[in-house]
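Here are my notes on this one, point by point. Have the coordinates open while you read.

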Amino acid sequence: MAAVLVLAGCTATPQPAPAPPEPTSPPPSKLDGIPVDYTGFRLIMATSPPSMLDPAKGVTTPLPGAPSGDRVNDVIRVGKFPVVLSAGRCGPSCLEPSEVFVYGDPKNEPWKLGKARSVAPSADETGVWLIRDDGNDLCRLQFVSLLGAERGRGRPASCTTAVRREVPQGLLITVNAGTATAEDVLIDPATGRAVHQFPRVLAITKDRMLLAELTEFSVFDLRNSQRTPVRWPVTNGKPGQVVPSRDGYKVAVLFGDPAWQGTSTQTADVWVLALDTLTWTRAPSMPIVTPLNRVAVEWSEDDALVLVTDVVASWWLDRPQWTIAKTPLPAERNPSAVTIAQG
């Protein structure tokens, strides 16, 4: 696939908020906040089988129609709808293509979209882009609506391509996903033509991309191809999960330190970057001690940042504290969760 690399000028580097001094004792292991009995949302979680957690009631229920057994599950959000991916194992380090389920109402049976190697939300949030097997070690890129209607057979694609997210300017994909030669490319899905290409795109919104640099970030403006460097707000830890808000004006970044001050203690430090002003805001009570593979970051419909650790917490950026629901959480889960309205 031919690709075009767009060169753009840089502007002055915005100054991040000053990093706090390094603590001499481990950070707290619990979020500090206001206990609540009502969160306003439920969580779709990548457990086995996939499940729905109601933090207000403390009840976790399996999703109807989702496969059980020894499978690898994931969940993404397309608009307001959770989409569950469930892959069977074909060996110790081998996965079959995922079965794709769309839940209009998590209490009812899902719409089934068949199998795919990779799934990404469409720009209009009415469907998904899929990498499907096409026989003889060939694959194709195809659009399918959330109700299962296919838009033609699609176009040929490499089976090692992963689809990420579509925005009005194109579809973000990763070429050679999972390899040392992986690169991220924004393409025109109708033609396959490359619009922009970078070694690593951490997140994409309607107007901007957050790019990984060697020791910092940069923000690439899709409207004018301007690329602006942004320093990390911390000196320790590495960026992990990067989750755009639903309105696309900010991104939450989890900086994880798997060996705090050379110990076996793992810490999570969550910051929010405003993409218009390129300024950082640190979430309250950060950092905290927590296993990094148990942390999920999401945004609610009413623009609250949601954090799942050993509790379910939500925070609006104009408030000084988290609101915290102390609810039993599934013991076995991966760090992906999707919020849906309470209903």
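1. Let me start with a surface detail: aspartate 134 comes out partly exposed, because its relative accessible area is 35%, which falls between the 20% and 50% cut-offs. Its salt-bridge partner is arginine 140, with the closest N and O atoms 3.1 Å apart. Arginine 140, by contrast, is buried, at a relative accessible area of 11%.

2. Before going further, keep in mind that this is a predicted model. The protein chain has an average pLDDT of 91, and 92% of the residues score at least 70. The stretch to treat separately is residues 1-12, where the pLDDT is below 50; in the model this stretch still has 26 contacts beyond near neighbours in sequence.

3. Back to the charged pairs. How many salt bridges does a search of the whole structure find? The count is 17. One of them pairs aspartate 221 with arginine 223, with 2.8 Å between the closest N and O atoms. Aspartate 221 is buried, with a relative accessible area of 11%.

4. Another salt bridge links aspartate 247 to lysine 250, and here the closest N and O atoms are 3.5 Å apart. Look at the two ends: aspartate 247 is partly exposed at 37% relative accessible area, while lysine 250 counts as buried because its relative accessibility is 12%, under the 20% cut-off. There is also a network, in which Arg77, Arg246 and Glu298 are joined by salt bridges that share partners.

5. On to the cysteines. The model has 2 disulfides, and with bonded cysteines counted along the chain they follow the pattern 1-2, 3-4. Cysteine 90 and cysteine 94 make one of them, with their sulfur atoms 1.8 Å apart. The torsion about that S-S bond is about -80°, so this disulfide is left-handed. Both ends are partly exposed: cysteine 90 has a relative accessible area of 35%, and cysteine 94 has 32%.

6. Cysteine 139 and cysteine 159 are also joined by a disulfide, at an S to S distance of 2.1 Å. This link is right-handed, with 105° about the S-S bond. It connects distant parts of the chain, 20 residues apart: cysteine 139 sits in strand β12 (residues 138-145), and cysteine 159 is in the loop between β13 (155-157) and β14 (162-167). Cysteine 139 counts as buried, at 3% relative accessibility.

7. Which residues touch the most other members of the largest nonpolar core? Among its 20 residues, these are Leu31, Val270, Met286, Val297, Leu305, Leu307 and Trp322. Two or more residues each come from β23 (250-257), β24 (267-274), β27 (296-299), β28 (305-308), β29 (312-315) and β30 (322-325). β24 gives the most, with 3 residues.

8. Leaving out residues up to four places away in sequence, methionine 286 touches Leu31, Ala268, Asp269, Val270, Leu307 and Trp322. Apart from this core lies another, of 17 residues, including Leu202, Phe217, Trp232 and Val251. As background, nonpolar side chains tend to be buried together in soluble globular proteins.

Key. Residues are numbered from 1 along each chain as its sequence is written. This is a predicted model: local features need pLDDT of at least 70, side-chain atom pairs count only at pLDDT 80 or more; totals for chains, interfaces and linings use all residues. Side-chain values use heavy atoms; hydrogens and water are left out. A nonpolar core is a set of buried Ala, Val, Leu, Ile, Met, Phe, Trp, Tyr and Cys residues joined through side-chain atoms within 4.5 Å. Buried means under 20% relative accessible area, exposed over 50%, partly exposed in between (1.4 Å probe, protein chains only). Helices (H or I, at least four residues) and strands (E, at least two) are DSSP runs, numbered from the N terminus. Contact means heavy atoms within 4.5 Å. pLDDT is the predictor's confidence in each residue, from 0 to 100. A disulfide is a pair of cysteine sulfur atoms within 2.5 Å. A salt bridge is a side-chain nitrogen of Lys or Arg within 4 Å of a carboxyl oxygen of Asp or Glu.
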